[in-house]
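Please consult the sequence and the three-dimensional view while reading.

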Amino acid sequence: MTAAVVARDADSVSFCLSKGLSAPVGSLVCGSADFVRQARRQRKVLGGGMRQAGVLAAAGIVALETMVDRLAEDHTNARRLAGGLAVLPGIVLDPARIQTNIVIWELAPGAPPAAAFAAAMAAHGVKVGVVGPRRIRP
């Protein structure tokens, strides 16, 4: 699904450049000129803003110009990972539900809690994140 399809009914959108696009930091807010003006004002009122933001903005521009086409590859790799994980005992995961580059699975009843699972994986050099009592994200 394209970004245009996802955002077609929205007046404004915000998206992160660091998640799938490999920028070091940054998010964009997009909308009408008036909306963006108001958002900038609110950011400043709330203390947001950075000096030297242009350097980081340059990394965001590179991400937008060179990494967007890689998202499809990331999504394919995530589905491949999900397919491999889904057949392992103790993991509950429907690969058909993976539509982006984010894979989160549940530990089956009777499996150790997520924190214990993550510690055991770390002991084998595999880093995973705990996102709930029984949920894991690689």
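## Core and helix packing

Leaving aside neighbours within four places in sequence, W105 is in contact (heavy atoms within 4.5 Å) with L85, I91, V92, L93, F117, V128, R134, R135, I136 and P138. This is a predicted model, in which local features need pLDDT of at least 70, side-chain atom pairs count only at pLDDT 80 or more, and totals for chains, interfaces and linings use all residues. Residues are numbered from 1 along each chain as its sequence is written, and side-chain values use heavy atoms, without hydrogens and water.

W105 also belongs to the largest nonpolar core, which has 15 residues; L85, L93, I98, V103, W105, L107 and I136 touch the most other members. A nonpolar core is a set of buried Ala, Val, Leu, Ile, Met, Phe, Trp, Tyr and Cys residues joined through side-chain atoms within 4.5 Å. Buried means under 20% relative accessible area, exposed over 50%, and partly exposed in between (1.4 Å probe, protein chains only).

| Element | Residues |
|---|---|
| α4 | 70-86 |
| β4 | 105-107 |
| α5 | 114-123 |

In α5, the buried residues are A114, F117 and A118. They lie on the same side of the helix because they cover an arc of only 100° around the axis, taken from the directions from the helix axis to the C-beta atoms. These buried residues pack against β4, β5 (129-132) and β6 (135-137).

Conventions
Helix = DSSP H or I, 4+ residues; strand = E, 2+ residues; numbered from the N terminus.
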